[in-house]
Amino acid sequence: MIVVMQARANQEQITGVVKRIETDGYTAHLSEGEHHTIIGLVGESPTPLREDNYATMDGVDKVVRISEPYKLASRTFHPHDTHVPLNGSDMGDNKVLLIAGPCSVESREQIIEIACAVKEAGATALRGGAFKPRTSPYSFQGHGENGLKWLAEAREITGLPIVTEIMDPSLVPMVTEYADVLQVGARNMQNFTLLNAVGASQHSVLLKRGMSATVKDLLMAAEYVLSHGNNKVMLCERGIRTFETATRNTADINAIPVLKAATHLPIIFDPSHATGKWELVESLSLAGIAAGADGLIIEVHSDPANAMSDGRQSLKPEVFAELVQKARKVAEAIGRGA
Ligand code: PEP
Ligand code: MN
């Protein structure tokens, strides 16, 4: 349930509603809109919710039941787009932002070289995994804290904020020390202990859709992070498992407008993991922007043939640079910058 306050509601009236919510055993989440303050009731309580109890309070405009199980992620609760700050830019703003970099941080030289190249091409943020979730335990698992240090050095040189994956709640203190955005990977989308930990960190989060997760599952996973009062959450469509084998995953382009309608959180599209083939990345990137994505996350490597992970889907820097030019044109064509 949400309580929509009148446009002229004063602080005392807002506090009155919040206190009533807490007395009834629920948690109050405030969303300050341009005209109205909306107060969401979240949680479980033995006290049944009676709309009339709230509708008659001073300063209340109306009370609305939210039928979706995701409350804080829902547009009903928060009608305006949420912006997640990214070093001077805002993900979720009109501009389409590009996050680019290698799948794995392989060496200090590698990450610095790629960071400089993607910055030059027009990227807004640098991606790179230091802790890698690999299907095989015998595959390269990432350089761990050394990788994070090299990422931080690359940020120092280029000014690009860092997006990097976190796989374990115990690593929150370490990863937040170096990263600007904590990526929760597809394989961990329903690792609820991790979601609670990144939520409590109050750090920005990029939450990727699980490969067998529905859009609703993704929104419920986001709800875990949001329930900690952390609304710096970006959602990422990265392709789902289907019967199709021509591509690594099936890009669920539908999910982009579906998510944009359902939630106020920024939506990012990952054409690299969605296709698994570098030669398809440009087409899907442009399709993702046209479908309404707020940003793209793209794998770029200077030497894809010798990459330690995901070389097959990685763009060479010069190919990424060409893609940026085309991405800008599509963004402009639909009334957005890039
Ligand atoms: C990645 O970003 O390199 C990655 C492992 O992505 P996903 O979790 O979407 O598979
Ligand atoms: Mn990858």
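User: What should I know before I start reading?

Analyst: This is a predicted model, where local features need pLDDT of at least 70 and side-chain atom pairs count only at pLDDT 80 or more, while totals for chains, interfaces and linings use all residues. Residues are numbered from 1 along each chain as its sequence is written, chains are lettered from A and ligands numbered from 1 in the order in which they are written, and side-chain values use heavy atoms, with hydrogens and water left out.

User: How many disulfides does the structure hold?

Analyst: A disulfide is a covalent bond between the sulfur atoms of two cysteines. The test here is a pair of cysteine sulfur atoms within 2.5 Å, and the structure holds 0 disulfides. For Cys 116, the nearest cysteine sulfur belongs to Cys 103, 20 Å away. Cys 236 has its closest cysteine sulfur in Cys 103 too, at 13 Å, which is too far for a bond.

User: Is Cys 236 buried or exposed?

Analyst: Buried means under 20% relative accessible area, exposed over 50%, and partly exposed in between (1.4 Å probe, protein chains only). Cys 236 is buried, at 0%, whereas Cys 116 is partly exposed at 35%.

User: Which residues coordinate the manganese ion (ligand 2)?

Analyst: Donors are N, O and S atoms within 2.8 Å of the metal (3.2 Å for Na, K and Ca); water is not among the atoms, so sites may look incomplete. Here they come from Cys 103 (SG), His 273 (NE2), Glu 299 (OE) and Asp 310 (OD), at 2.0 to 2.4 Å. Along the chain, their spacing reads C-x169-H-x25-E-x10-D.

User: Are His 273 and Glu 299 buried or exposed?

Analyst: His 273 is buried at 8% relative accessibility, and Glu 299 is buried at 1%.
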